[in-house]
Amino acid sequence: MNQPLSNSQTRDAEALLHTYANPVALRRTGVQTIERGEGIRVFDQTGRPFIEAMSGLWCAGLGFGNAELAEAARIQMDRLPYYHLFGGKSHEPAVELAERVKALAPGRMSRVIFQSSGSEANETQVKLAWYYNNARGRPEKKKIISRVRGYHGVTIVAGSMTGLPYNHRDFDLPVDRILHADTPHHWKGAEPGESEPDYAARLARSLEDLIQREGPDTVAAFIAEPVMGAGGVIIPPEGYFPAIAEVCRRHDILMIADEVICGFGRTGQWFGSQTLGYEPDTISMAKQLTGGFLPLSAVAVNGDIAETVENHASAIGTFGHGFTYGGHPVAAAVGIRALDIYEREDIPAHVRAVAPRFAAHVDRLAAHLLVGEGRRLGLLGAFELAPDRSPEGFATPGKVGPKLQDELLARGVIARALGDTLALCPPMIITDGEIDELFAPFEAALDATHAWAKTEGHLP
Ligand SMILES: Cc1ncc(COP(=O)(O)O)c(C=O)c1O
């Protein structure tokens with residue numbers, strides 16, 4: 001039985017259409033309202049603390065309270081609260097942040113374009129890939145390959161590249177020219193006895209086959225998250241990206257790294273593509289670019305793309321793309337301060353230092369009867385729940401994962417069920433001791449979920 005809704009829950013239900021929620025169920029259960037944050041914790045309206053094991057939506061890498069970021073915003077608010085980058089106008093925070101991003105990013109990036117969200121960044125990526133190939137006299141080279149279970153946002157083209165059923169169904173997506181390659185998930189996709197490198201090589205052959213079927217001259221770009229996030233925290237098999245990159249290079253297909261989750265230290269290097277051993281042509285960044293404190297995203301492109309696009313735009317007369325809030329000065333000032341902190345505290349090194357503790361907990365709990373596979377890289381982790389450790393998963397999917405999420409919430413930890421996979425992405429400032437606190441209630445939550453799954457018939 002659900003409790004009657006509180007006044008604030010009723011007001012919420014009558015005012016908001018919540019994204020990524022079941023609207024009718026929410027009217028019954030009510031929302032959880034978060035009021036404030038501090039370090040790795042957020043507090044609800046009753047003052048109860050929760051460890052935020054997802055950094056909100058994979059973004060609050062510096063936690064939920066930071067006086068330096070607040071100060072950077074306040075100073076810029078007073079100095080110049082809004083300006084834009086259209087028609088030859090500029091401002092110092094955007095220039096400085098672009099210089100800093102270029103210097104940090106792998107792949108010899110030469111120009112940065114700012115937007116406000118990850119979806120806008122990826123939408124910009126596709127427009128650039130199309131523009132670039134028109135400029136090069138290759139108007140047929142337009143298809144974009146993303147992957148089943150990849151997540152790239154929800155606008156029309158970004159949502160089409162996202163390879164998840166909920167994001168397509170009844171939104172009339174995907175649009176044409178967007179193709180989906182295999183999910184690189186060894187546990188689910190490998191043949192019995194197939195090693196990770198052999199599986200990676202097979203995925204590269206499968207990509208080659210897809211490109212040949214479509215015609216290499218029709219394929220513009222391959223977009224991928226170094227580690228898939230919202231699709232279930234899927235870490236690619238050893239050798240995957242180098243093998244995929246070889247195929248893309250051979251067919252003059254741009255490699256777009258969607259670093260919206262993996263960027264700025266999450267995997268233990270500045271960018272996930274560095275951890276996974278490849279060099280992209282362009283990079284999408286967002287989320288941790290400002291520690292999630294303000295909306296800001298960036299696309300960085302290499303010199304060849306920048307030069308081709310700039311020359312083509314000059315011939316046309318203008319580069320007809322841009323967002324009113326792209327590179328917003330307050331967001332850019334916060335981004336600069338976030339980079340100061342990442343550099344001063346050496347956040348990638350901190351992630352590398354605490355990752356073994358995080359990994360030890362994931363590996364220990366992966367032995368639980370309810371867990372099919374435990375996954376982790378840097379401070380990204382997941383438990384994929386399954387009956388009898390079977391990669392096939394539950395007969396009725398999407399029930400057991402949310403139950404574990406609820407059991408953890410009841411014990412003071414906010415994690416996120418992505419179907420039957422429970423994802424973890426704690427603030428990157430987390431300490432060894434706080435990692436122990438985060439995992440402390442897991443055993444009991446898994447046991448309670450296991451018992452419930454048996455009663456409900458999800459387990460034999
Ligand atoms: C890898 C990746 N790309 C793009 C996006 C979309 O970002 P936004 O929600 O800011 O549009 C997300 C959001 O979670 C993401 O994880």
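Among contacts in the chain between residues at least 6 apart in sequence, what percentage join residues at least 24 apart? The figure is 70%, where contact means heavy atoms within 4.5 Å.

This is a predicted model, in which local features need pLDDT of at least 70, side-chain atom pairs count only at pLDDT 80 or more, and totals for chains, interfaces and linings use all residues. Residues are numbered from 1 along each chain as its sequence is written, and side-chain values use heavy atoms, with hydrogens and water left out.

**Whole chain**

Start with the C-alpha trace, which spans about 65 × 60 × 45 Å along its principal axes. The chain has 18 helices and 15 strands; these are DSSP runs numbered from the N terminus, helices being H or I of at least four residues and strands E of at least two. Its radius of gyration is 22 Å, close to the 23 Å of the globule rule for 460 residues, so the chain is as compact as a globular protein of that length. That radius is taken over C-alpha atoms, and the rule is 2.2 Å times the number of residues to the power 0.38.

Of the 460 residues, 53% are buried (under 20% relative accessible area; exposed is over 50%, partly exposed in between; 1.4 Å probe, protein chains only).

**The seven-stranded sheet**

Next select the open sheet of seven strands, ordered S4-S10-S9-S8-S7-S5-S6 with mixed pairing. Two strands pair if DSSP finds at least two bridges between them. At the edges are S4 (109–115) and S6 (178–181), each pairing on one side only. Neighbouring strands are turned by 20 degrees against each other on average, direction ignored.

Zoom in on S9 (residues 282–285) and S10 (residues 297–302), which run antiparallel and are joined by four bridges. Thr282 has Val301 in S10 as its bridge partner.

H5 (residues 92–104) lies across S4 and S9, at about 130 degrees to S4. H10 (residues 196–214) lies across S5 (143–147), S6 and S7 (219–224), at about 155 degrees to S5. Axes are lines fitted to C-alpha atoms, for helices over the stretch in contact, and angles run from 0 to 180 degrees between N-to-C directions.

**Cysteines**

Finally, select the cysteines. The structure holds zero disulfides (pairs of cysteine sulfur atoms within 2.5 Å). For Cys262, the nearest cysteine sulfur is that of Cys425, 8.7 Å away. The sulfur of Cys425 is 8.5 Å from the closest cysteine sulfur, in Cys59, too far for a bond. Cys262 is buried at 0% relative accessible area, and Cys425 is also buried, at 0%.
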